Amino acid sequence: MGSVKIAEVRKSYGALEVLHGVSVDIADGEFTVLVGPSGCGKSTLLRMIAGLEAISGGEIAIDGKVVNNVAPKERDIAMVFQSYALYPHMTVEANMGFSLRLAGAPKPEIAKRVGEAARMLSLEPYLQRYPRHLSGGQRQRVAMGRAMVRNPKVFLFDEPLSNLDAKLRVQMRSEIKQNHQRLKTTTIYVTHDQIEAMTMADRIVVMHGGIVEQIGSPLELYDNPANLFVAGFIGSPSMNILKGRLDGGSFVTDDGTRVAVNGAAARGDQPITLGIRPEHLRLDPQGLPAEIVTVEPMGSETQVAMRLGGHDLIGVFRERILNAPGEILKIGVETDHIHLFDAETGKRLGD
C-alpha cells in the first residue's frame, strides 16, 4: 500500500512561514498533481514528503507510518527531478541499476528489473549509451526508469517536463500516464502547468501562497471552481472575469453592460464578480457588441480577444472568424455556464 496522508503540515524558514497547515489525503494508487504558480509551496511540500526538507509542524505518513523523522532512503519512495540528475560517466543501464547495486541486490535481479523498465520505456536500444548521447526526452525516460526499478510505494515527480520542448512534453505526459496505469503506483506530481495537471491527474491540489485553495478531479475544478483564484488558474485560456453587481435578474457591469443571470434575483443587489469561460461565449446577431482586438485562427477553432465596455474578453469559437481588428462582433453568453463570486472574498456563490 502506498497511501500518503499530509496533516496540517507547516514549513518555516526562521520567521518566514511558507506552508500554512496543508492537509491532503492521497489514496493508494492515485495520481495526484500539486499545481500552482511559482512560490506557492508545491515543490517544498514534495521535498518534505521525500525527506529532503525538515517539517516545521504537522505530520506526513506513508502507508500509515509517520515519516517526519525517517531518512529519505528509508521512506520507500523514488523521485524524478527536473534536471534528470543522471551520472554522466555511467551508461543508461548503469544509471538505471545504480540504486539497486547500492542496496546490494543480486546482479540477475538488477538485470531483470532494468530490462523490464527499459522495455516499458522503449530504452532497450540505448542501454549502452551515455547520457550525453541521448535527447532530452530519452534522458527523462532514463530518470523515470531509475525510479521504476526500485518498485517504490510512491513516485515523486518534481516538474520533470519543464526542460522539454512542447511536442516532447505532450508525448512524455502520455507516457507517464500510461506507465502509471500499468504500474498502479501512487504518484505525486508537481507542476506549474495547469494543462499537465488537467490531462494527467486523478485529483488536483491547487496551491497558492502556501495554502490549499481546492482539491478535486480535473473536471470538478474546471466546472466548479471554489474561488476566483482557482477559476483563473485552471483552464486555458483563462476564465473571463467581469466586475459589477446584480440588478434583478441580470448582472450589470460597472460600465452598464447587462448580462442575464439565472436565479440572480434571489441574491439581492450586491457587488459581484462574474466568470465565463471563453468557450461559453457564442456568436449571436442580437448579442452584446464587442470590439475585436486580435483574431487567432487555431485550425479547428478561432480564438478572439475582444473589448466589451471596459473589460477584456477572450472567446473561443468553432466558427472561422474573418473579421478584422477594430470591427464589432456580436456575442452571447451561455447563462447555464456563468460563475458568480463574492466581490470581496472571491469565494464562489452557491448555485
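1. Buried here means under 20% relative accessible area, with exposed being over 50% and partly exposed in between (1.4 Å probe, protein chains only). Helices are DSSP runs (H or I, at least four residues), numbered from the N terminus. The buried residues of helix 1 are Lys42, Thr44, Leu45, Leu46, Met48, Ile49 and Ala50.

2. A quick word on the ground rules. Residues count from 1 along each chain as its sequence is written, and side-chain values use heavy atoms, leaving out hydrogens and water. As the model is predicted, local features need pLDDT of at least 70 and side-chain atom pairs count only at pLDDT 80 or more, while totals for chains, interfaces and linings use all residues.

3. Now for the cores. Which residues have the most contacts inside the largest nonpolar core? They are Met96, Ile176 and Tyr189, in a core of 42 residues. Helix 4 (residues 136–148) gives the most to this core, with five residues. A second, separate core has 27 residues, including Val24, Leu45, Ile77 and Met79. (A nonpolar core is a set of buried Ala, Val, Leu, Ile, Met, Phe, Trp, Tyr and Cys residues joined through side-chain atoms within 4.5 Å.)

4. Have a look at Tyr189. Leaving aside neighbours within four places in sequence, Tyr189 is in contact (heavy atoms within 4.5 Å) with residues including Phe31, Leu34, Phe157, Ile176 and Met200.

5. Next, helix 2 (residues 92–102) and helix 4: their axes come within 7 Å and cross at roughly 30 degrees. Axes are lines fitted to C-alpha atoms, for helices over the stretch in contact, with angles from 0 to 180 degrees between N-to-C directions. Val92, Asn95, Met96 and Ser99 of helix 2 meet Val142, Gly145 and Arg146 of helix 4.

6. Helix 2 also pairs with helix 3 (residues 107–120), where the axes come within 10 Å and cross at roughly 135 degrees. The two helices are therefore oblique to each other; angles under 35 degrees count as roughly parallel, over 145 as roughly antiparallel, 65 to 115 as roughly perpendicular and the rest as oblique. From helix 2, Glu93, Met96, Gly97, Leu100 and Arg101 make the contact, and from helix 3, Ile110, Arg113, Val114, Ala117 and Ala118.
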